[in-house]
Amino acid sequence: MLPNPLTNLKVACALLFALAATAAAHAQFVRSAFMMESAQYRMQINPALAPDRGYVHLPAVSNTSAWAYSNVLDVDAMNEMAKNIDDPDYYTTDGFYSNLKDRNRITAGSGIDVVAAGWWHGKGFMSFNIGVKVDGNANAPLEMFTFMRDMRGMNSNDYSDYICDMRDVEFNATAYTEIGFGYTRQIDHRLSVGGRVKGLLGIGNMKLQAGRVAVITNLVGLDPELDWSTASAMDLRNARGTAWVEADAHLESSCEGLELVTNDDNYIETLRFHGRNLGFSGFGAAVDVGVAYEVANGLTLSAAVNDLGFIRWSSGCTRDAYANTEDLAFDSSHPGDITRFMGIIGSDEPINLHLLRLTPTGEKRSRSTSLSSTITLGGEYRLAGGKWGFGALYSHHNVKPSSLDELTLGVNLHPAGLLDFAITYSPLLCGGQSFGAAMKLGPLFVGTDYIYLGNGSKGCNALVGLSIPLGKRPQ
């Protein structure tokens, strides 16, 4: 067998799946906070919605959020995937395979504000934060897992005419530090506008795209249920014919201290991180803008665009590698070819990079990546002096490989300054199994849009924060 290449890429994917198993759905905010006027966290949804009071977030217990969504795997399945990320047998089990669709996607992320504060100054509300965010996505076709089962001998295959064609495989992960300055202006008693400017310090980005990976064989003399991962030379003694691999793939990585280690054939064998050299690998900027207008007494409409921005990754830490499968053709008339073929297709990795032969270009270049922006449209109606509220929030999260849309309906009760509650229902992403709740009790905020009830929800999120209140909104 060949050595296991890109072990650290598997670790990066494990991080993505771990985020998915412990966190939340669709954008780094909790929509259940939308109507809670006492909660500063609704400014993450729309910077025009300033809270009643200022705040200072306490370090290590401030705004901490996480989110995840999958179109095929529920929370229980994602949790099992995270537990078994190093067990290749897990991905070939009937239980895992039966949940899959033709296209299988996971989108996940997390964020924390290390320092954050906001305060009223006249008719304006000013805010400042320093935070760290991580997000990523995975997009895999059903054929990728079918191929694993084929190579394990779990399906009966005619290798005289075998084709496995895997299309549009993508894994992407980004980590960055955000430094934000926000300002909300109350123009009059009906109209308020807000914005936030954010400087971004890129920690790292990795993107693997495979437009096509195909394994084609014209071999006879093989057991149709051969397990290539454990086969021996004796199992291949009667094999006759040819086989080959075709691949179109590209790996982009931008991370200070990351080394692409190649073998004697000049294709990537592993990744090596040099911790002492880690630092910022890119710089960028982003903006949030929002508006809120009370069109009638108690009825307010709002709209916002968040995370409209980019990161420019420096040429000094950016590396490219492309698939080079010209020599991945095998002929039984050449001694050792079939054994070498077995070592390549018999890999037990979900991402079989032996098939790609990723070869670094050696070229140093800068590159840019965009953030996953979010558009929100909201409406709320308040009565009984603002103690009760009803509302709806539509959000469109522009994330790859396909955007996510959600509609959240909610009821808010604000009986006193220290107490604020919300109950919500979001019907789109999780098939109607998506009740949420949020509570602000003095300085403590806890919220989720997807309460886990063990009912197979394909999304989850959570936000927890502890803050010190500052001065109230001016009359």
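## Salt bridges

In this predicted model, a search of the whole structure turns up 16 salt bridges. One of them joins the side chains of E380 and R42, with an N to O distance of 3.7 Å. This pair links distant parts of the chain, since E380 sits in strand β16 and R42 in the loop between α1 (7–22) and β1 (53–57), 338 residues apart. E380 and R42 are both buried.

A further salt bridge is formed by the side chains of R196 and D288, at 2.5 Å from N to O. R196 belongs to strand β6 and D288 to strand β10 (residues 282–296), so this pair ties together parts that are 92 residues apart in sequence. R196 and D288 are buried as well. D320 pairs with R365, and the closest N and O atoms of that salt bridge are 2.7 Å apart. Here too the pair links distant parts of the chain: D320 lies in strand β12 (residues 318–323), and R365 lies in the loop between β14 (358–360) and β15 (367–370), 45 residues away. D320 is buried, with a relative accessible area of 3%, whereas R365 is partly exposed, with a relative accessible area of 25%. Salt bridges that share partners also join K133, E178, R196, K198, D288 and D307 into one network. Side chains of opposite charge can pair when their charged atoms come close.

## Cysteines

The structure holds 0 disulfides. A disulfide is a covalent bond between the sulfur atoms of two cysteines. For C317, the closest cysteine sulfur is that of C255, at 7.3 Å, which is too far for a bond; the cut-off for a disulfide is 2.5 Å between the sulfur atoms. C317 counts as buried, at 5% relative accessibility. C164 also counts as buried, at 5% relative accessibility.

## Nonpolar cores

The largest nonpolar core has 60 residues, and those with the most contacts inside it are F147, W228, I345, L355 and L358. Leaving aside residues up to four places away in sequence, F147 touches Y162, C164, M166, V215, I345, N352 and L355. A second, separate core has 9 residues, among them A33, A422, A438 and F445. In soluble globular proteins, nonpolar side chains tend to be buried together.

## Helix α4

Helix α4 (residues 142–151) is mostly covered, with 9 of its 10 residues buried. Those buried residues are L142, M144, F145, T146, F147, M148, R149, D150 and M151. Just after α4, G153 takes a positive phi of about 75°.

In helix α2 (residues 75–83), the buried residues are V75, A77, M78 and M81. Seen down the axis of α2, these buried residues fall within an arc of 160°, so they line one face of the helix.

N71 is placed in the loop between β2 (64–70) and α2. N71 is buried, with a relative accessible area of 10%. A polar atom of the N71 side chain lies 3.0 Å from the backbone oxygen of R103. Not counting residues up to four places away in sequence, N71 touches K101, R103, N104, R105 and K458.

I375 is partly exposed, with a relative accessible area of 38%. Its C-alpha is 4.6 Å from that of V305, although I375 and V305 are 70 residues apart in sequence. V305 is also one of the residues that I375 touches; with residues up to four places away in sequence left out, the contacts of I375 are A304, V305, Y394, S395 and H396.

Conventions
Residues numbered from 1 in each chain as written. Predicted model: local features only at pLDDT ≥ 70, side-chain atom pairs only at ≥ 80, totals over all residues. Heavy atoms only, no water. Buried < 20%, exposed > 50% of the residue type's maximum accessible area, 1.4 Å probe, protein only. Helix = DSSP H or I, 4+ residues; strand = E, 2+ residues; numbered from the N terminus. Arc of directions from axis to C-beta. Contact = heavy atoms within 4.5 Å. Polar contact = N/O pair within 3.5 Å; in protein donor to acceptor, adjacent residues only side chain to side chain. Salt bridge = Lys/Arg side-chain N within 4 Å of Asp/Glu carboxyl O. Core = buried A, V, L, I, M, F, W, Y, C linked by side-chain atoms within 4.5 Å.
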